[in-house]
Amino acid sequence: KFDYTGLLINTPQIIEVSDNMVIPLASTYMHDISQPLIISKKIRNSIVFVAVNKDTNQLYSRALPEMDNRIPSPKPQENSKSKPVSKIIHKEIVGGYVNVELIDLLRLPKSPARYFIYATVATYKSNVVSVEVRSKDGIE
């Protein structure tokens, strides 16, 4: 039985400030396409990742840039009637995962801060996670 649709994200709760610091985020999505989902790009490129600074309410958000698939998709047969991604798709289950690095993607500052982080795509909103970026000595 298919019980879950939506987005789930996870990231470390504490990150230490450094010149080469990263904030890795793992996400997974599942969509029952018998429910309409109108998007203009592939699902992975329609996910918007969001970080909100808890103290200043500064908002950072961005979708993944378009990237070529490493494995090219097969070309449709001449007689096939493939539908563009921007159309409503029905009667299939689509799922996948996207792993991102939030410092680069959202252009977050490399300084102490506390963030709420979530992701959205169309009508779905992920769970919200908290991340604290701390200085090496623990002092903000």
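View 1. Asn57 counts as exposed because its relative accessibility is 59%, where exposed means over 50% relative accessible area, buried under 20%, and partly exposed in between (1.4 Å probe, protein chains only). Asn57 is found in the loop between β4 and β5 (59-63), and its phi is near 65°, a positive value in a residue other than glycine. Strands (E, at least two residues) and helices (H or I, at least four) are DSSP runs, numbered from the N terminus. This is a predicted model, in which local features need pLDDT of at least 70 and side-chain atom pairs count only at pLDDT 80 or more, while totals for chains, interfaces and linings use all residues. Residues are numbered from 1 along each chain as its sequence is written, and side-chain values use heavy atoms, with hydrogens and water left out.

**View 2. Arg107 and Leu102.** Arg107, which is found in the loop between α2 and β7, has a positive phi of about 60° although it is not a glycine. Not counting residues up to four places away in sequence, Leu102 touches Ile23, Leu25, Phe49, Arg107, Leu108 and Ile117, where contact means heavy atoms within 4.5 Å.

**View 3. The largest nonpolar core.** A nonpolar core is a set of buried Ala, Val, Leu, Ile, Met, Phe, Trp, Tyr and Cys residues joined through side-chain atoms within 4.5 Å. Of the 32 residues in the largest one, Phe49, Leu102, Leu108 and Ile117 touch the most other members. The largest share of this core, five residues, comes from β7.
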